[in-house]
Each structure stands twice: as C-alpha cells, then as structure tokens.
Amino acid sequence: MVHATIYVGFTVPQLLRGASRIFPTHSALVVLRHSAFCYCTVNGTIKSKRKMDHLERTANNFRQEVISQAKVCGITNESETVKRLRLSIANKDFTFKAGQWVDFFIPGVSVVGGFSICSSPSLLEREGVLELAVKHTVHPPAYWVHTECTLDSEVALRVGADLHGYQEGKGNGYKVGTVKLYYSAKNTSELLFKKNILGLMNTFPGKITCRFHVTQQSSQICKELQPHVTEGRISEKDLEKHVSKDTLWYICGPPPMIESISKLLSNIGVPRNCVFFEKWW
C-alpha cells in the first residue's frame, strides 16, 4: 500500500539528505518552522518546559562508540540566523546515514551540542566532508558556532540516532509514496535550502511538493518563489485536504508551533498515533 507523508515546520535537512535516494512507504506531510528550545516525544506531548541538555534528552538513543576529530574547513551564512559548517573528518572509518545527527564536542565548552547533518553521505565518501546547519541561539554550542568558530577550529563528532531508509524493489511490496512539505518562516530569506527544495520538486514531480509560508514578508517575493509562497501562517484549511488514514504527519519547530499544529491536527480528525514530533532544543 502506498502512503503519504506530510511534514510541518521549520528546517529541512533530513528531507534534503534523504529525498534524492529514498521515499517513505507512507505519504508524509511535514510542517516546518525555524529554531527552538523544546523536548518532544513521538506521538506525545512536550514533557517539560525545562531546557534539557542534549545528552540528557537523547540518553536512550543509540550512538556509535567512536568519537572522531574534525576541523572546520568552511563557514557560510545560510540566512541572517543560520550558519552552515563544513567539517573535514580525520577518521576514514567515520560514516553516517541520511537522517542521522551528531553529538558536537567543542574544546573548552562543557555543554555538548546535537546538530542534524544537512549533507549527504556521498559527500563524505567523495571528499571526507560533512555539513551542519546551526541556528543562532544562546545554547552554548550554537552560540560558539556563531561567535567564536573560525576556519581550522577543531571539534569532535559522534554519530547519533539512525533513521532507517527503505529500498524499492526488494520483493517486499514497497512502493514509493509522496511527501508534502509545509515550511513556514518570517520571510523568504529565512527559508533555508529553498533552492534545493525547488530542485527536488522538479526532479520528483508529483512525489515531492512544497508550500512555503511567510508571516512577516516586507520585500517583494522573487518570481521563482512566487508560485509556491503563501503569506500568513499554516492554517487548518491548508492541512485538512490531506487528512486520510494513510497519511503520517511530522512536525518540527519551537514548542508553541508544535502545540498549535498538534491541536489543529486533532481538530481535523488526525489520529494521535499518526503524528510525530521532531526533537529540538
């Protein structure tokens, strides 16, 4: 059976990493928003308002034992609030899969960071490099990235949880599903990886679609984005058309956004066991 997946929220590194080679067996709706401090559980509610430490919050997740040294070999501004770090990995045995994150160890900083990998495993295989997208916050690892990190800064990495992909054609009845992304930000300059997303939509027509939402746009929207942008928040009307027993919903963003979208989905009849939360600070 083919299903749909819907993503709702802010940031899309996992979609970008995996879409070029895998799709979910379900269709997916993803609602994305930008940044945040929260602790969420799959099919549950936010457990605590206390800002939990990354290692504490992910203590039950599987980790590789090896901690690998890395050196910063590139820093670019994805937006006014997000930096992309390019890291050269010294350990040739270091590997990861699409959908994984890393524990991020910084000399002199006692708090360990946890950041999603926004590059593909093939880049690591070809060049020995991986990339992280880090939003500016007061959390010590993110703050260090934005205020102290320079070219040749040395850090250490350990691969975290593994999201297993699916493969088509294994004789198990797997069929490619669809992904619908609702991605909200303050303005179009804060829509990270928008060119990558448009590229995926063109590469996989009908399989990957995206609707960008901007809530405080003050400048004119470029022609390339105009057909895909809605001014205003993601609404019940936007999402109710996708409700079905075969749709899975993934939400990623700050606590108020997660709470709001979760309530909205409940109001339009989405079963609780079909809704999944991303883990954020």
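The expected span of a helix is 1.5 Å times one less than its number of residues; keep that rule handy for a later stop. What you have open is a predicted model, where local features need pLDDT of at least 70, side-chain atom pairs count only at pLDDT 80 or more, and totals for chains, interfaces and linings use all residues. Numbering starts from 1 along each chain as its sequence is written, and side-chain values use heavy atoms, with hydrogens and water left out.

**Whole chain.** Colour by secondary structure to find seven helices and 13 strands (DSSP runs, H or I of at least four residues for helices and E of at least two for strands, numbered from the N terminus). Of the 281 residues, 53% are buried (under 20% relative accessible area, with a 1.4 Å probe and protein chains only).

**Glu 131.** Now select Glu 131, in strand β7 (residues 129–135). Its relative accessibility is 10%, so Glu 131 counts as buried. Show side chains: polar contacts (N or O atom pairs within 3.5 Å, where within protein one must be able to donate a hydrogen and the other to accept it, and residues adjacent in sequence count only if both atoms are side-chain atoms) join Glu 131 to Arg 84 at 2.6 Å and to Arg 86 at 2.8 Å.

**Helix α7.** Next, select residues 255–267, the 13 residues of α7. At 1.5 Å a residue they should span 18 Å, and the end C-alpha atoms are 18 Å apart, which agrees. Highlight the buried residues of α7: Pro 255, Met 257, Ile 258, Ile 261, Leu 264 and Leu 265. Finish at Gly 269, which follows α7 and has a positive phi, near 90 degrees.

Note on methods: Buried < 20%, exposed > 50% of the residue type's maximum accessible area, 1.4 Å probe, protein only.
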